[in-house]
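User: Hi! Could you walk me through this model?

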Amino acid sequence: MILILPGQPLTNSAHHKQVYIPVENLYKQCFHEYFEKLFGYAFTIVKDNAEARDIVQSAFVKLWEKRGEINFPGAARAYLYTTVYHLALNTIRDRKIRERHYPDMAPVAHVNSIDTAQEKEIKARIQQAIDALPPRCREVFCKSRLEGKKYSTIAAEMDISVKTVEVHMGKALKLLREQLADLASIWIIFLFL
Amino acid sequence: MNTANQPDMTELIGKYLAGEANPTEAMQLDDWLADAGNAAEFQRMAALWHQLPGETSPQPPASSLAWTELEPLLHSKPQRGIVRFVFNRYVAAAVAGMLIILSVVWFNRRGKESQADDPSAYVMQTATQEIKSTTLPDSTFITVNQHSEVAYAADFGKPDRQLSLQGECYFDVTPDKQHPFIIQVADLTIKVVGTSFNVQEITPSGHVTVQVQSGVVQLYALGKMVTVQKGQSGFYHKQLQQLYVANSIDINSFGYATRSFSFNDIAFADACRYLEQAFHVSFMMDKQVFAGCRLTAHFDNKPLSYILDVINATLNISSRQEGDSVFITGNGCH
């Protein structure tokens, strides 16, 4: 608790040792706190590392321009997530336009041709687990995860609600997670180390 | 935590991984991931997801590396603006338009300033001996301490809510994003985002203390800005040319406005000092006798007589108020 009394010079008071937090420092803290989370979020939408990085960078440049108007960290966080979301949707839209006009320039899908025996076994297990899903659930899951369709597109194609798509996807993930519990732990080591 | 018992989280995770989560959902998921158990479960799900054919996995660059890439962009921004400024004649035309508008605004403002001699253009809320509480036209509630003055234009709120302060005042500001609430104290500008806080200008040393009880305020001075959040204090020191933020407030120091005090095992003499400031009274006692007394008590909007009764009972002393003086007698504490 601090006591503020009139006439007490600031130099002698306890405040002198207190931290001075200019907005630039709050901005930097915000960057280190949210950069990876925002990158992860952007990646889920654009599915591309370089684009995800550019999106998050642009969002932070925009935040910098608005640093005097936005309160840190609460409003800044919401601003960043919203900006990343819109930039990611724009990126996808531009990509579609580009692919329509210049189909030759569409990136070639990455094909991993050399599979080790272990990878082949893992892929077979995954295929089995997907095949074992209930039919509607499997259909939703394959359309979303393997064909990259949007929830709204899947809902229209299958004549179900978007909420039902969400439920099927949740169920599929849960069942796959149970089926492939032993593999999941190995993948974490594989992916994150 | 086991997601098997949380169908909603599995759905949200599915949505997130499929790139269908909106910003609110993404933030909700990130909050959920703050728990280490949840984060481990999410990593398993994500690993499974990325292991399926046809997708690359996310590889975030280290945030320190990303920062070194970002930093030059932040500082080169204004320079790029200037280059465009010179070569783009459409921008030049726009600037000419701006100058005209600006000069009109400037002349308007000059017009307003010249009204400063006309007292009807300004409303003064002045407290001399008493403490004055009043409601502003935007229903903001203010408490002006002794020897303090708040002044605002007669057309307060158009376009923004500007006022100036000399001395000390407690503000409970009505939120209104369309009309920013701005307080000028000497050369410090305080911008408010719906909040209650206390501003104290200390003369002659010339420093200003802003203690924020709820909401957020921004302080502008010396070409810098600091944001003061709930529970923090902002300090502006003119001579030292410094703007600080401290992570605490002293709610007892603005008891004159809130009549609320929180004494946690503090020296009785210090409690008396707070009460003296808040109620503008003087405590008369033999300081040696009461030197060992400490007080723990909480008061929420109570009159001085009530507070004195509680202190009498707690410390086994007697107090008597005569005008602006409070006389304390008793055997002290051991």
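Analyst: Happy to. One term before we start: two strands pair if DSSP finds at least two bridges between them. Helices (H or I, at least four residues) and strands (E, at least two) are DSSP runs, numbered from the N terminus. This is a predicted model, in which local features need pLDDT of at least 70 and side-chain atom pairs count only at pLDDT 80 or more, while totals for chains, interfaces and linings use all residues. Residues are numbered from 1 along each chain as its sequence is written, chains are lettered from A and ligands numbered from 1 in the order in which they are written, and side-chain values use heavy atoms, with hydrogens and water left out.

User: Thanks! In β10(B), what is the bridge partner of Gln218(B)?

Analyst: That is Thr227(B). β9(B) and β10(B), residues 224-228, pair antiparallel over five bridges. The two strands form a hairpin with two residues between them, and Leu222(B) in the turn has a positive phi of about 55 degrees.

User: Which other strand do bridges join to β9(B)?

Analyst: β11(B), residues 233-237, also antiparallel and with five bridges. Val210(B) stands opposite Gly234(B) there.

User: Switching to the open sheet in chain B: what is the strand order?

Analyst: The order is β14-β17-β16, with mixed pairing. β14(B) (282-284) and β16(B) (317-322) each have a single partner strand and stand at the edges, so one side of each has no neighbour in the sheet. On average, neighbouring strands here are turned by 25 degrees against each other, direction ignored.

User: How many bridges link β16(B) and β17(B)?

Analyst: Six, in the antiparallel sense, with β17(B) covering residues 325-330. Arg320(B) is opposite Phe327(B) in β17(B).

User: Which helix packs on that sheet?

Analyst: Helix α8(B), residues 304-315, touches β14, β16 and β17 of chain B, and its direction makes about 160 degrees with that of β16(B). Helix α7(B), residues 268-279, lies across β14, β16 and β17 of chain B too, running at about 145 degrees to β14(B). Axes are lines fitted to C-alpha atoms, for helices over the stretch in contact, and angles run from 0 to 180 degrees between N-to-C directions. Contact means heavy atoms within 4.5 Å.

User: Now chain A. How many helices and strands?

Analyst: Eight helices and zero strands. Of its 193 residues, 39% count as buried.

User: At what angle do α2(A) and α3(A) cross?

Analyst: Roughly 135 degrees, with the axes of α2(A) (49-65) and α3(A) (74-101) coming within 9 Å. That makes α2(A) oblique to α3(A); angles under 35 degrees count as roughly parallel, over 145 as roughly antiparallel, 65 to 115 as roughly perpendicular and the rest as oblique.

User: Which residues make the contact?

Analyst: Among them are Ile55(A) and Phe60(A) of α2(A) and Leu80(A) and Arg95(A) of α3(A). By class, the contact has 11 nonpolar, three polar and four charged residues. Ala, Val, Leu, Ile, Met, Phe, Trp, Tyr, Cys and Pro count as nonpolar, Asp, Glu, Lys and Arg as charged, and the others, Gly among them, as polar.

User: Last one: where does Leu89(A) lie?

Analyst: In helix α3(A). Leu89(A) is partly exposed, at 30% relative accessible area.

Methods. Buried < 20%, exposed > 50% of the residue type's maximum accessible area, 1.4 Å probe, protein only.
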